[in-house]
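Colleague: I would like to talk about the aromatic rings in this structure. Could you take me through them?

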Amino acid sequence: MDVKLKNLTKKFGAETAVDKMNLDIKDGEFVAFLGPSGCGKTTTLLMTAGIYKPDNGEIIFGDRLVNKVQPKDRNIGMVFQSYALYPHMSVYENIVFSMKLQKKSKKEMMLEADRVAGLLGIGTLLKRKPGQLSGGQQQRVALGRALIKKPELLLFDEPLSNLDARLRITMRSEIKRLQRDLGITSIYVTHDQVEAMTMADRVAVMKDGKLQAFMPPVELHEKPRTKFIAQFVGNPPMNFFDVELKSEGQNMQAFHSKFTLNLDSGRIPGRGGKNVVLGIRPEDIAIDPSSDIKAEILIVEPLGRDDLLQCRIGDLDISILADPKEKHRSGDMIGLDMDSRSFQFFDPESDQSLLWY
Amino acid sequence: MKLKRDNFTLLSVLTLIIFTAPIILGYLWLFISTFSERTYGLKPVDVDGNLGGFTLKNWAFLAEPDIWLITLNTFLLATFLTMGVLLISSLAGYALSRVNFRGRKTFLSMTLILHAFPSVTLLIAIYFVLRFISDIPLLGALFGYNTIGGVVLISIALQLPLGIWLMKGFFDGVSWDLERAALIDGCSRWRCWWQIMVPQIKPGLAALSIFSFMTGWSSFLIPYTFLTKGNKAVLSTYLNAMMSSDTVSIQYGILAAIGLFQLIPILLFYSFTQKYLMKIFSGGSHGGV
Ligand SMILES: Nc1ncnc2c1ncn2[C@@H]1O[C@H](COP(=O)(O)OP(=O)(O)O)[C@@H](O)[C@H]1O
Ligand SMILES: [Mg+2]
């Protein structure tokens, strides 16, 4: 089932939690809502679920306007960060609760519960109470409770946030696999960009209640439409500094007080003034002893596969990734080579990208 | 190491004994004196002051038919009070905790103020209300002046502020997500209240029911004032009559026996609900959810 949000708006008192959200989700698509805490992700999700009434705008499932439809009649399943299992019911009762409300037969309930428990590997837990389960098991049960209804839309609200790091990674791929196998249209809310990038077909980035971008993860990473997206997506985060653009004969150059960079002819801002914000990711800066750009290493953070070097050029802080085998130490001076084919340019006032629009 | 620990337990038990001794001795005296002619300290004695004097005559009041009617009255009062308070408080508490309606804040603060009023100040006003109800055809016979129903009604009203606040507090502690999950699973608001929310606040219901039951069981002022049977209305008024009868000298043995008799249901009730009551203090029934 495809889902459309049109001009969706929600206010809490004077504060606008969600502002004119427009989104077009295709049938079977896995969409992530990504944004910092408090940007309106949960509010949007709860409006889609029918828990909150929108102040304005439309929610359309397929070709049905569902603004006034009760949550129970929307045929959705939802998984919460807090799991929200019914503590006084056994796992089995939790899973079949929706079927019980629909007055399905005992036999049918057992059959369906078996099917779902098989999908999620929770067959042995059915008799237990939620309080006797680990976090990961509880989240599986919650997923089972959502799946048993054969929903046309699955909603996830930061389902993995309360799990430890390793479990998060296994659950991540498991949810993704289930979603793909069952082909259920899904909306997945998260503030973790890695989760959004690895799981989603398309990512909707939100900030202060507004939709910033809606595109596939790779495009989000490679072609950030705003400085906010560039900052939020990618780990470690992108470096930014102010530069002045000037033409030098055939070439364009970017002047910073401490250094000058040659621009790539295929990557020159198509609009904007002379003063721009240049962005470059840590992984796009190489260490080159012959380079004129000299930086002092302040801190070395071992990340395992790479070392993250926090460096300083004059009063400009910049972070780069280096091979741990090179054994850099704080206090060392290094030369930096910035890959001009990876530069991003942003308008210093509007923060809009000057390359992608 | 082990020794230290034992010393510690010993010390805490000793401290507890010292602090609870007056209460325990009090109850011990109560118990002994109900079966004695007289007591000398904790020692049962006969009329001549010698050890002994065991008797059952203090319990003779149990043979009177009146006492059973009075007990029934008291039981009805306490039970209906408890049921009424539980039902209304849990509904009102849910609404106040979950529904955002106009005047919600005012209602809450007014309820709190009402709770601060001693019921004595309201006696005369309540009298007029009850007289008014008495004039309504069918209701009058059930809830009017000089009916158990009327006393129950008033007692419920006086107990509600406490009950509503207590219930609201417990509902506040239940996660919103639980309710949202239930709504998505297909519950109506009512069903969600009954099947999902109420089970989460069982400890609160247990606490409120024991408070209410005890209040009803031992209430004196309201039944004494609004039931014309006076002394014969409920146990507390009966006890009061025993204490203040000016013809005979006060018979402490009988008084103690009636007091003990009045205590039994409370103890029973407590032993049934304590499982839930204890959970209030040990962090609720959530168990990781
Ligand atoms: N029930 C509510 N009442 C008042 N304000 C709310 C309510 N729910 C959310 N908000 C506000 O709306 C904004 C968006 O919240 P939310 O959707 O929960 O953010 P997110 O899920 O992205 O962290 C926040 O500023 C939050 O304080
Ligand atoms: Mg949220």
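This is a predicted model: local features need pLDDT of at least 70, side-chain atom pairs count only at pLDDT 80 or more; totals for chains, interfaces and linings use all residues.

Colleague: Take A:Phe30 and A:Tyr188: how far apart are the ring centres, and why is the pair called tilted?

Modeller: The centres are 5.6 Å apart, and the planes meet at 35°. Planes under 30 degrees apart would count as stacked and over 60 as edge-to-face, so an angle of 35° makes this pair tilted.

Colleague: Which strands do the two residues belong to?

Modeller: A:Phe30 is in strand S3 of chain A (residues 30-34), while A:Tyr188 is in strand S8 of chain A (residues 185-190). The pair therefore ties together parts that are 158 residues apart in sequence.

Colleague: Is A:Phe30 buried or exposed? And A:Tyr188?

Modeller: A:Phe30 counts as buried, because its relative accessibility is 0%. A:Tyr188 also has 0% relative accessibility, so it counts as buried.

Colleague: Now chain B. What kind of pair do B:Trp59 and B:Phe61 form?

Modeller: They form a stacked pair, 6.0 Å centre to centre with 25° between the planes. B:Trp59 counts as buried at 14% relative accessibility, and B:Phe61 is buried with a relative accessible area of 4%.

Colleague: Which aromatic cluster includes B:Trp59 and B:Phe61?

Modeller: One aromatic cluster contains B:Phe31, B:Phe35, B:Phe54, B:Trp59, B:Phe61, B:Trp68 and B:Phe261.

Colleague: A change of topic: charges over rings. Where does the charged end of A:Lys227 sit?

Modeller: It sits over the ring of A:Phe240, 5.1 Å from the ring centre. In chain B, the charged end of B:Arg98 sits over the ring of B:Trp176, 4.4 Å from its centre.

Notes: Residues are numbered from 1 along each chain as its sequence is written. Chains are lettered from A and ligands numbered from 1 in the order in which they are written. Side-chain values use heavy atoms; hydrogens and water are left out. Rings of Phe, Tyr and Trp (its six-membered ring) pair if their centres lie within 6.5 Å; planes under 30 degrees apart count as stacked, over 60 as edge-to-face and the rest as tilted. Helices (H or I, at least four residues) and strands (E, at least two) are DSSP runs, numbered from the N terminus. Buried means under 20% relative accessible area, exposed over 50%, partly exposed in between (1.4 Å probe, protein chains only). A charge sits over a ring if NZ of Lys or CZ of Arg is within 6 Å of the ring centre and within 35 degrees of the ring normal.
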